[in-house]
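Subject: Structure handover

Hello,

I am passing on the structure below. My notes on strand pairing and pockets follow it.

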Amino acid sequence: MTGARIELKGNDEALAELDGYVQRARDKQGMFANIGMSLVTSTQNRFERGVGPDGSPWPPSIRALATGGKTLIESARLMRSVTYSASINGLEVGTNVIYAAIHQFGGTIQQKQRTAVLHFKTNKKTGQSRFAKPGKADRAQKVEIGAHSVRMPARPFLGLDDADDREIVRIAEDWIAGEGATAQ
């Protein structure tokens, strides 16, 4: 090489630090795991706030309106099911709950005509009946339920918001600099 040059050889500190950067850049699974944990937390926080990744509030559910509860959090099963899978090549965040897609994307549920058994418990003081679990009921009634459809509005919970974008960059920078905790 003509002109000027600098040559680094041996166990020089700069080479050792540079080699650490290169090794961390090659083994990205820990970085993706850290990002995955952050995205799961962010998604669960959106459940608590009842908003999508774009910040739009979810349409309230009929159950939440009736009971004063939160939409999509009656049992919190869907919220708690959000998880991640990290590899050296990338990251997946999602859930295996069967009804997740209808909440994420919305859609129409077609119900066929069917027979059901309804369970009731009678209040001894007032004589009024209310729905009850089978083990608590004092009577049951077989009923025909006609075919009908239910329109579910989209309530997206998976996705990235602006804060997620910034956090991903921060985690990646920390990982390459050797400051990210290994989360495998």
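How many bridges join strand β4 to strand β6? Seven join β4 (residues 114-122) to β6 (residues 139-145), and the two strands run antiparallel. This is a predicted model, in which local features need pLDDT of at least 70 and side-chain atom pairs count only at pLDDT 80 or more, while totals for chains, interfaces and linings use all residues. Residues are numbered from 1 along each chain as its sequence is written, and side-chain values use heavy atoms, without hydrogens and water.

Strands (E, at least two residues) and helices (H or I, at least four) are DSSP runs, numbered from the N terminus; two strands pair if DSSP finds at least two bridges between them.

H119 has A140 as its bridge partner in β6. β4 is also joined to strand β5 (residues 129-131), antiparallel, by three bridges; there the partner of K121 is R130. Six residues lie between the strands in the hairpin of β4 and β5, where G127 takes a positive phi near 80 degrees.

On to the pockets (open sets of points on a 1 Å grid over the protein atoms alone, where a 1.4 Å probe fits, with protein on both sides within 12 Å along at least five of seven lines; lining residues have an atom within 4 Å of a point). Volume is the space filled by probe spheres set on the points, which are joined across faces, edges and corners.

The largest pocket holds about 230 Å³. It is lined by 14 residues, with R63, L72, I73, E74 and H103 closest to its centre.

β7 (148-152) and α3 (62-67) each give two or more residues to its lining, and β7 gives the most, with three.

Regards
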